[in-house]
Every structure is written in structure tokens, then in C-alpha cells.
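Trainee: I would like to learn how to read a structure of this kind. Could we go through it feature by feature?

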There are 2 protein chains.
Amino acid sequence: MDVNIILFPDFETLDVFGPVEMLGHLEEYHLNFLSIKGGLIKSRQNLEVMTKPIDTKNYSGILVLPGGQGTRTLVEDLGFIELIKQLAQASDYCLTVCTGSALLARTNLLNGRKATSNKKAFAWVESVNPQVKWVSAARWVVDGIYYTSSGVSAGMDMTLGFIADRFGTGKARAIADSTEYQWSEDKDKDPFSKNNENSNKTPVKSV
Amino acid sequence: MDVNIILFPDFETLDVFGPVEMLGHLEEYHLNFLSIKGGLIKSRQNLEVMTKPIDTKNYSGILVLPGGQGTRTLVEDLGFIELIKQLAQASDYCLTVCTGSALLARTNLLNGRKATSNKKAFAWVESVNPQVKWVSAARWVVDGIYYTSSGVSAGMDMTLGFIADRFGTGKARAIADSTEYQWSEDKDKDPFSKNNENSNKTPVKSV
């Protein structure tokens, strides 16, 4: 099965490469790094990653949408949002990390569904689409084919949760053990929900 | 200050981009992705990253050596090891993640010093240079300018420890909070040391 990771300028590095590390341990998955036009895409942390152009005709599998500063302008790019909507509709599963859920929310596919996001950016994400049932305290949320995680590092916990749902908890724990990752297995336990109440008062950096 | 991250074929993705995420939050640091010849370098997880060639004439700052399957052959590449030795000697600090400590150990710069590595690959790393005081239970180890971490995810804990040593624990905690990372602050607490005893009995994968 294809794992299609959508990159864009100013994506947050660990939003992508935490999940990639975990998914890369599964021989069943083939990882594709994609962007609208292909070529090199630079992350918020000045990393340049090679991507292939998105092939909408032969698209299937697992969509991964990271967050980062780049999402702030992309939610207003209706051409990009329409493309994301097409990709999500053609996917078996859709995983978002951090403010990647704002991109997915903008497609209206999450309307009436539960979802979460980075807690320091929560007020902004809520404002993108108030018709989503935003969960203010969750490490990650599952609703149908949609997995949405809290900020940056929560993407690793969600991805292991996704792997547990597909391949069993034992497989997820084995990958966590192999990568010496202390997996937070409880998706409802969110030590960073405390950051949410200040989300509209303090400036958000690097998310 | 320059942060010089040395990439090579089959490096482990999160070994690099966990620390990069944390270091990227510091305006004092400039991140450089380097390889011997420059150009695209592919990780174990099929990620292609753009690198610049290493400039040994104007080299200084913080050296970061990731681990991964690629280290298995590189420890026998004495030209590469001599280059790593020159870079480490010209650096203010040297950080290794996972089996990256095997590369540094091969330079003999760690002889008589304490260091650690991935626990599932520990027997192999010890065999690369038994003159290092290998610590079998540590999330990360500090000895002089050398910071060595345990496997993959431990690189994030070590990097936050490095940031705490340079900028204070408050700064490190703020970065952990911003990235919603549950930092293991105690470098001597190692939940994965249990994996060590089997290191010479079970095949090692993806480290």
C-alpha cells in the first residue's frame, strides 16, 4: 500500500519524519514524498527534501498531511485545498499531524467529525472550520478513516496507534521498542492540552 | 554557530530529524546538511535529502553523526573515518545518535571516554572499539565535548539535554512543550537497556 506524504514549503520537520520513521518499519508500506509540482521542498528547519509530483490519476492508499507554518497560507489556497480533498477522497486512510488538520478541515470532509490539532495553535485551527467537532484534550483522534494528531511529536504516537489498529498492538510496540521510543499508547491522555487556553493570547511559533 | 549534520546512504531518518526539530528552534544555530560529495542522500526509509559537500577548511561548530544501517560499512571505510576524526577535532561539540557512536568510536577519539549507543546493536558497537567505556544503561552520555545517545528516539532526549546544558533547562523544556514532546530529562534512566542482553543473539534491523 502506498503512503503518500504531502510536502509543502515551511512544513514542520518532525511532523513528517516521526511518522515516516514508524511507517518505514513496515514492509507492507511504500513511502512516497509528494508535492504539487515535485522537486525540492524546504521545511521550516531548512531541510530540503526531494519530492515527486502528485499523480491524481493513480492515487490510492494512505494520505499523510503534516503541519507547520506553511499551513497558514495554504488554508487560503483553494486550488490546493481542492486537490487535498480529491486525494483524501481517493485514500483508504488519512493521517494529519499538528496543523495539518487545518488543511483537512478546510476541505469540509471533517464536518461533523471529531478531530484534534496542536494545542498552541488550537484557536486558529478551530477558526478555520468551526463545523468540525474539535477535541481540545486528545493526543490523537480517530473518526472513520481520519486520524488527526496533536502537535509535532504527537504524530509518532498517532502513527503507532494507526499501526496498532491495522497490525495489532504487539507490532506497534515492537516498532516503538526498535526505535527506543516511549510510546504514549493512550490517545485520550494529553499532557499538552493545558497549552490550549492561551492559544489566542500568545504568538504561535514554528507550528 | 553552525550545526553540521553528516548524512550518508542508509542513515536512519529519525536519528537526524528528531535532533534537527529541536535544534531548529534555536535562532543561535544554523543547520547544515552535509555529505562527502554533496547532492541527494537517501535514508533507510527512502527519503532523499539535499546536502552540501563538507568544507573542511572552514569547519567549526557542532558535529551531528546519525546512525543507521549505513554505519555498518562506513566503520570499515578508513578514508571516511579519518574525515570524521578531522571534523570532530575541529568541532566545539560532537553529538552522535544510535550507531553514530560507532563511527566516532572508530576514530579513537572516544578511547577511555564514556559513551553509549542503540541497545539492540550494542554488542556490535562495543566490538568496533572496546577501548571506549561503553555505558550499557543510559538514555545519553556526556563526556567532555562528546554527547552520545542511545537508539533513534533517544537522540531527541539527548539534544534537549544538550540544549539544557547550553541554554538552561527552561529553554529545553520550552522547546519540548512547543513540539509537544514528552522529554525524558534523566539521562541515566534507560527503559531500553533490557534490549542489550540479546544484542548478540537476535538480528538487528533498521539501526
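Mentor: Start with the salt bridges between the chains: the rule finds four of them across the interface of chain A and chain B. A salt bridge here is a side-chain nitrogen of Lys or Arg within 4 Å of a carboxyl oxygen of Asp or Glu. One case is the pair A:Asp177 and B:Lys120, whose side chains meet with N to O at 3.5 Å. Before going on, note that this is a predicted model, where local features need pLDDT of at least 70, side-chain atom pairs count only at pLDDT 80 or more, and totals for chains, interfaces and linings use all residues. Residues are numbered from 1 along each chain as its sequence is written, chains are lettered from A and ligands numbered from 1 in the order in which they are written, and side-chain values use heavy atoms, with hydrogens and water left out.

Trainee: Which elements give two or more residues to the side of chain A that touches chain B?

Mentor: Elements are DSSP runs numbered from the N terminus: helices (H or I, at least four residues) and strands (E, at least two). In chain A the list is helix H1 (13-23), strand E2 (30-35), strand E4 (48-53), helix H6 (154-167) and helix H7 (169-178). H1(A) provides the largest share, seven residues. Sorted by class, that side of chain A has 18 nonpolar, 16 polar and twelve charged residues. For the classes, Ala, Val, Leu, Ile, Met, Phe, Trp, Tyr, Cys and Pro count as nonpolar, Asp, Glu, Lys and Arg as charged, and the others, Gly among them, as polar.

Trainee: How is the size of an interface given?

Mentor: It is often given as the accessible area lost when the parts come together. Buried area is that loss (1.4 Å probe), summed over both parts. Chain A and chain B bury about 3500 Å² between them, with 51% of it on carbon and sulfur atoms. In terms of contact (heavy atoms within 4.5 Å), 46 residues of chain A meet 46 residues of chain B.

Trainee: How many residue pairs are in polar contact across the interface?

Mentor: A polar contact is a pair of N or O atoms within 3.5 Å; within protein, one must be able to donate a hydrogen and the other to accept it, and residues adjacent in sequence count only if both atoms are side-chain atoms. The rule finds 22 such residue pairs across the interface of chain A and chain B, both residues being at pLDDT 80 or more. The side chains of B:Asp177 and A:Lys120 are joined by a polar contact of 3.4 Å.

Trainee: Is B:Asp177 buried or exposed?

Mentor: Buried means under 20% relative accessible area, exposed over 50%, and partly exposed in between (1.4 Å probe, protein chains only). B:Asp177 has 16% relative accessibility, so this residue counts as buried. B:Asp177 sits in helix H7 (residues 169-178) of chain B. Leaving aside neighbours within four places in sequence, B:Asp177 is in contact with A:Lys120, A:Phe192, A:Lys194 and A:Asn195. A network of salt bridges links B:Asp177 with A:Lys120 and A:Lys194.

Trainee: How many salt bridges does the structure hold over all chains?

Mentor: The count is 18. In one of them, the side chains of A:Asp190 and A:Lys119 meet at 3.1 Å, N to O. A:Asp190 lies in the segment after H7 of chain A and A:Lys119 in the loop between strand E7 (114-115) and helix H5 (122-128), so the pair ties together parts that are 71 residues apart in sequence. A:Asp190 and A:Lys119 are buried.

Trainee: Where in chain B do B:Glu76 and B:Arg106 lie?

Mentor: Their side chains meet in a salt bridge at 3.4 Å, N to O. The pair links distant parts of the chain, 30 residues apart: B:Glu76 is in the loop between helix H2 (71-74) and helix H3 (78-90), and B:Arg106 is in helix H4 (residues 100-106). B:Glu76 is exposed, at 56% relative accessible area, whereas B:Arg106 is partly exposed, at 27%.

Trainee: Where is the place of A:Cys98?

Mentor: A:Cys98 is in the loop between strand E6 (93-96) and helix H4 (100-106) of chain A. A:Cys98 has a relative accessible area of 0%, so this residue is buried.

Key
Buried area = accessible area lost by both parts, 1.4 Å probe.
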